[in-house]
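Please open the model in your viewer and keep the selection panel at hand.

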Amino acid sequence: MKNLKGLRKRIRRLEARLQKGGKKLAKLKQKLGAAETAAAAKANSKSAAPGERAGKQPAAAVKEPSAPKKVKRKLNLTPERRAQLAETMRARWAAKRAAATSAQSSPSGQ
């Protein structure tokens, strides 16, 4: 009984690993194809007539799909914590302004 459970678990893990490897392979093939089309477009733009502005045309046609932007997490702050953070930031900014004004006034005094 124990042996069957272990075998099933090992098979499940192996299948998951193989599936992940397949996804990686597909992703790499897609990158290779995009790089090849970009190289071909660059070669075509060099061989185009000198009067044309060939540099802009292939760039738009060969645009690679960008990675989706990461979703910015919303901070779940209590009103008290938000007020506390606001106060510390105001104090920090005030100290920074004071340091900047003192730094400007000291070199001109010499």
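**Whole chain: confidence and fold**

Begin by colouring the predicted model by pLDDT, the predictor's confidence in each residue, from 0 to 100. The protein chain has a mean pLDDT of 80, and 79% of its residues reach 70 or more. Because this is a predicted model, local features need pLDDT of at least 70 and side-chain atom pairs count only at pLDDT 80 or more, whereas totals for chains, interfaces and linings use all residues. Residues are numbered from 1 along each chain as its sequence is written, and side-chain values use heavy atoms, with hydrogens and water left out.

Next, switch to a cartoon view. Three helices and zero strands are present in the protein chain, giving the pattern α-α-α along the sequence. Both element types are DSSP runs numbered from the N terminus (helices: H or I, at least four residues; strands: E, at least two). Select residues 56–61: this is helix 2, where confidence is lowest, at a mean of 54. Then select residues 79–109, helix 3, where confidence is highest, at 89.

**Surface**

Now display the surface. The accessible surface of the protein chain is about 11,000 Å², and 58% of that belongs to carbon and sulfur atoms; the areas come from the Shrake-Rupley method with a 1.4 Å probe, and for residues only the protein chains shown count as cover. Of the 110 residues, 4% count as buried (buried: under 20% relative accessible area; exposed: over 50%; partly exposed: in between; 1.4 Å probe, protein chains only).

**Helix 1**

Select residues 2–47, which are helix 1 and include Ile11. Together with Leu4 and Leu7, Ile11 forms a nonpolar patch on the surface, with about 260 Å² of accessible area together. Ile11 itself is partly exposed, at a relative accessible area of 48%.

Lys9 belongs to helix 1 and is partly exposed, with a relative accessible area of 40%. Patches are made of residues with over 30% relative accessible area and no salt bridge; like charges are joined within 9 Å, and nonpolar side chains (Val, Leu, Ile, Met, Phe, Trp, Tyr) within 5 Å.

**Helix 3**

Finally, select Arg90 and Glu87. Arg90 and Glu87 are three residues apart in helix 3, so about one helical turn separates them. Arg90 is partly exposed, with a relative accessible area of 48%, and Glu87 is partly exposed, with a relative accessible area of 48%.

Note on methods
Salt bridge = Lys/Arg side-chain N within 4 Å of Asp/Glu carboxyl O.
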